[in-house]
Amino acid sequence: MNNLNQSNKKKGLLKNFLSILNSNLSATKISFAIAIGIFLGILPGTGPMAGIFLSYIFGLNYLIVLSGIILTNTWLSIIFLFLAIKIGAYLFSLDWNNLYQDWIMIIKNFSLSNLFKFSFYKIILPIICGYVIISLIAALISYFIVFFITYIYRLYRYGIKSRAKFSRQ
């Protein structure tokens, strides 16, 4: 029974992905929406509300943006924490071991009063910058991958003569 459930979930995900590929949106809009979602999904502190807001600002399909956020939920942010610390330390010319130890101390001794201390920002700013760099790289990579998949799928599905399907807005 469990295998049947997993099989149905996989078919449902594939069906949803194919419905996105078959939509009247251009490959650029689909790719941009997924990239925005992945960017917001990796960046800590952002989520569905930011995704809906940015999809409205950029005129994107909010369900596609939300699917990108869900694809890279908060757990991926935890996985990227160590890399964000290393990148942030490099950008700010800090020792990453010291930055990591300071971060651990902030987490262990967290209080709202610490948010207003200047030393807190000297620790958190490099980490946030590291996350922004990681999110931008992941968003750019996902943009090109989704654009390529969408383009190839539509080329295969509709043929070379039907170029209008590639450029619909």
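Of the 169 residues of the protein chain, 33% count as buried, where buried means under 20% relative accessible area, exposed over 50% and partly exposed in between, with a 1.4 Å probe and protein chains only. This is a predicted model, in which local features need pLDDT of at least 70 and side-chain atom pairs count only at pLDDT 80 or more, while totals for chains, interfaces and linings use all residues. Residues are numbered from 1 along each chain as its sequence is written, and side-chain values use heavy atoms, with hydrogens and water left out.

The protein chain has eight helices and zero strands, in the order α-α-α-α-α-α-α-α from the N terminus. Helices (H or I, at least four residues) and strands (E, at least two) are DSSP runs, numbered from the N terminus. Among contacts in the protein chain with a separation of 6 or more, 75% join residues 24 or more positions apart; contact means heavy atoms within 4.5 Å.

The largest nonpolar core has 31 residues. A nonpolar core is a set of buried Ala, Val, Leu, Ile, Met, Phe, Trp, Tyr and Cys residues joined through side-chain atoms within 4.5 Å. Two or more residues each come from H2 (27-42), H4 (62-71), H6 (81-91), H7 (96-108) and H8 (118-158). H2 gives the largest share of this core, nine residues. Trp103 and Ile127 have the most contacts inside the core. Beyond its neighbours within four places in sequence, Ile127 is in contact with Leu81, Ala84, Ile85, Leu99 and Trp103.

Two packed helices are described by the angle between their axes and the distance between the axes. Axes are lines fitted to C-alpha atoms, for helices over the stretch in contact, and angles run from 0 to 180 degrees between N-to-C directions. Two helix pairs are listed here.

| Pair | Angle | Axis distance |
|---|---|---|
| H6 and H7 | about 125° | 9 Å apart |
| H3 (residues 48-58) and H4 | roughly 145° | within 9 Å |

H6 and H7 pack at an angle of about 125°. That makes H6 oblique to H7, since angles under 35 degrees count as roughly parallel, over 145 as roughly antiparallel, 65 to 115 as roughly perpendicular and the rest as oblique. The crossing of H6 with H7 is right-handed; a crossing is left-handed if the near helix is turned anticlockwise from the far one by less than a right angle, and right-handed if clockwise. H6 contributes Leu81, Phe82, Ile85, Lys86 and Ala89 to the contact, and H7 contributes Trp96, Leu99, Tyr100 and Trp103. By class, these are eight nonpolar, no polar and one charged residues. Here Ala, Val, Leu, Ile, Met, Phe, Trp, Tyr, Cys and Pro count as nonpolar, Asp, Glu, Lys and Arg as charged, and the others, Gly among them, as polar.

H3 also passes H4 in a right-handed crossing. On the H3 side the contact has Pro48, Gly51, Ile52 and Ser55, which meet Tyr62, Val65, Leu66 and Ile69 in H4. This contact divides into six nonpolar, two polar and no charged residues.

Two single residues complete the account. Ile87 is found in H6 and counts as partly exposed because its relative accessibility is 21%. Not counting residues up to four places away in sequence, Ile87 touches Gly130, Ile133 and Ile134. Thr150 lies in H8 and counts as buried because its relative accessibility is 0%. With residues up to four places away in sequence left out, Thr150 touches Leu21, Ala27 and Ile30.
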